[in-house]
Amino acid sequence: MPQKRSGGGLTGTQQAAKFLGVSVLSGAVLAGIALPAFGALGLAAKGTVKGFDDIPANLKTPPLSQRTTILDSQGGPIATVYSRDRTVVSLKDISPYIQKAIVAIEDSRFYEHGAIDLKGVLRALNRNAQSGGVSQGASTLTQQYVKNVFVEEAGDDPDKVAQATQQTIGRKIQELKYAIQVEEELGKKKILENYLNITFFGQQAYGIEAASQRYFSKSAKDLKLEEAAMLAGIVQSPSRYDPVNDTQEATKRRNTVLQRMADVRDITQAEADKAKEAPIKLKVSKPKNGCITAVNGSGFFCDYVREVFLSDPVFGKTKEDRAKVWNQGGLTIKTTLDPKAQKSAQKSIKEHVYQTDDVASAVTMVQPGTGKIMAMGQSRPYGFGKTETQINYSVNQGVGGSNYGFPVGSTFKPFVAAAAIEQGKPPTQMYPAPYEMPYPSQVATCSGKPWVNIGNQRLKNENEKEVGPYALKEAMAKSVNTYFVQMIGDIGLCPVMEMTQKLGVVQGNGKKLPEEPSPLTLGSTGISPLTMANAYATFANRGTYCTPTAIESITTADRKSLEVPKSTCGKVMSERTADTINTLLRGVIDSGTGQQAGLQNRDNAGKTGTTDGRKNAWFVGYTPNLSGAVWVGSPTQQVKMEHIYIGGEYQDKVFGGQVPGPIWRDAMTGALEGLEAPPFVSVPIPDPPKEKPEKPDEDGKPGDNRGQGNGGQTPFPGISIPPDLIGGGNSRGQGNNGGTGGGFP
């Protein structure tokens, strides 16, 4: 019942409504806009006009949030992402049927009245006064549009949405004032166009184009009469009149719209009756929002693009600014992803590592010379299920990756070799390289304070038969741990630190590598596959490093181009050094630990890596025109890859060349199919002379020519072995711990 004060008087709300009905409408509103039916009444309420004019009328229409489309390098769709599934279209691209239907059912006098419909407002105010509140609206299409602008501006903030939709007299007055402004500035046709583009039609569809696609899988310009009437009927209550969940209720509402169209003579009664007889025939297109819908397993690359956008200052000064642009949407983002390479990577992964395996795999490919990310896939799909994940194993933590990356093992050794060669060490450099040894007692660092082997930490090679002396070529092919530890004992840790920094090599959490022997020789620190693939691309590019990039161009809804991050390239080592590394790593594939990874009919090079406990296995390799990194292991670092089934095959012990190697081979083969096969520039690296027959000692016993006695030198002409590298002598060094790390082949 209507609420009254004691004594029978009107409540405050009723008094306000009465006041508005007489004062605001007769004075302020009529003074603010000409109403075709009542413009000659000449009513005025001077005091009220002044109060009404004091209400701000600076409605700023925000650009409508729309869907963003992410494309591959060939223009093919990867995914669509949006906070509002909307595609803005002009009135000429909207069926006349839906234009007439929405006006007929929502505001049949739209073209006759101004910003407000005086008859409707007076009727509503009278009803509201009787009820003691705001129980009935009288919103014109223009007022509804204004309300939708408030809702759009509120975004997904529930408090702001509630405020934007609250039914109060103050809100109604504000809507009236803004409606007057909109009518003056836009005109009827533009208001109708904007209304059809902003309105919610249920099923996550905002705007008439998205609604047409959602319910009928067709464009708004192609809507038939009965289809247009159904969509127009949804607007009043999208949940109640949802044709997907309640066809009967949706049909009743559609027929109401059709009859209203006949009543206002937009269509004939015969046309209305015929359309009423037609059953609702939906052709629903399910919402496809987000990277979870990405094609060819590219969900993680899609998510990486989003993370880059939200973190790169080129898209906005603050995180909030960037998020606003992203949520606004309407962007067309063309990426660097090569569809052929992506399909090949994902196909290879699926053939070698199953989604349900105890371990996972990730593959990333980068183009040397440009830094373009060509492929990014993994065995566990992007999603929320038991064997799915939203963690991108290919990238650093800051852009959606794992917390620390994954230890890379012996794939780190080429960085050590490059640093040594840049320091002047020849590729024929010999070291004693025994099977087992302590880390050097001291190793020089960048700070000048040496790393000290306080705990007398030791390391050993994978195979007891791996006993030096070795030259660099053989040590790289066989992945001899002790050789590379002796190398950093010789040159110090600082050259390796400087080299990795130039190559963009950081830990998976984005921090610098620890300046200690184990992470800087045996790869005991976590690094991401993208970082490794991009660093190795520098060797392929003959010493020029390029920062990785995923976005080629971005176009806004109004066809303006946005600035995008560009790859920056610079020389970080001599061409001779890079060519030498390429020659050394060709040996890994030709005759070393990576033979199972070799490609046919094109130059290729690479390095294997396996970590302690066999929790991670790697192969990182490249051709002159494509670099790729493959990781296989336990995302939680809890699974040892021994006596294990991977991809349906039993593995006694997993090595980098054994499981990751074939994944790399098959992925690269497909990615490179049809592309040119340029050669590397080879550097001649002579093999060391064969050992001379051992001379007996004074007692007639064989001498020790295996580099473990008396300084550990072998009399090779022109090749010297630095003294005091075995047993942790007084070599230069760093840090106070470092661990054994791993670094198996």
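This is a predicted model: local features need pLDDT of at least 70, side-chain atom pairs count only at pLDDT 80 or more; totals for chains, interfaces and linings use all residues.

A: E3 and E15 are paired in the antiparallel sense, and four bridges hold this pairing. Strands of a sheet pair through backbone hydrogen bonds, and the pairing may be parallel or antiparallel.

E15 also pairs with E16; the two run antiparallel and are joined by two bridges. Here threonine 555 stands opposite serine 561, which belongs to E16. The two strands make a hairpin, with five residues between them. Within that turn, arginine 559 has a positive phi of about 70°.

The pairings described so far belong to an open sheet of five strands, whose order is E2-E1-E3-E15-E16 and whose pairing is mixed. The edges are strand E2 (77–81) and strand E16 (561–562), each of which pairs on one side only. The parallel contribution can be seen where strand E1 (residues 68–71) meets strand E3 (residues 332–335): these two pair in the parallel sense over three bridges. Isoleucine 70 has isoleucine 333, in E3, as its bridge partner. A helix lies against this sheet: H13 packs on it and touches E1, E2, E3 and strand E15 (551–555). The direction of H13 makes about 55° with that of E2.

Which residues make up H13, and how far does the helix reach? It comprises residues 299–311, 13 residues in number, and spans 18 Å from its first C-alpha to its last. This is close to the 18 Å expected at 1.5 Å a residue. H13 is mostly covered, with 11 of its 13 residues buried. Among the buried residues are the aromatic side chains of Phe300, Phe301, Tyr304 and Phe309.

Strand E4 (residues 360–366) pairs with strand E20 (residues 626–633) in the antiparallel sense, over seven bridges. In that pairing, serine 361 has valine 632 of E20 as its bridge partner.

Two packed helices are described by the angle between their axes and the distance between the axes. The axes of helix H16 (residues 413–422) and helix H20 (residues 529–540) come within 11 Å and cross at roughly 35°. The crossing of H16 past H20 is left-handed. On the side of H16, Pro414, Phe415 and Ala418 take part, and they meet Met532, Ala535, Tyr536 and Phe539 of H20. Sorted by class, this contact contains seven nonpolar residues, no polar residues and no charged ones.

Serine 217 has a positive phi of about 55°, although it is not a glycine; it lies in the loop between helix H9 (208–216) and helix H10 (225–234). Alanine 433, again not a glycine, has a positive phi of about 45°, and its place is in the loop between strand E7 (430–431) and strand E8 (436–438). Are these two residues buried or exposed? Serine 217 is partly exposed, at a relative accessible area of 28%, whereas alanine 433 is buried, at 0%.

Definitions and conventions. Residues are numbered from 1 along each chain as its sequence is written. Side-chain values use heavy atoms; hydrogens and water are left out. The expected span of a helix is 1.5 Å times one less than its number of residues. Buried means under 20% relative accessible area, exposed over 50%, partly exposed in between (1.4 Å probe, protein chains only). Two strands pair if DSSP finds at least two bridges between them. Contact means heavy atoms within 4.5 Å. Axes are lines fitted to C-alpha atoms, for helices over the stretch in contact, and angles run from 0 to 180 degrees between N-to-C directions. A crossing is left-handed if the near helix is turned anticlockwise from the far one by less than a right angle, and right-handed if clockwise. Ala, Val, Leu, Ile, Met, Phe, Trp, Tyr, Cys and Pro count as nonpolar, Asp, Glu, Lys and Arg as charged, and the others, Gly among them, as polar.
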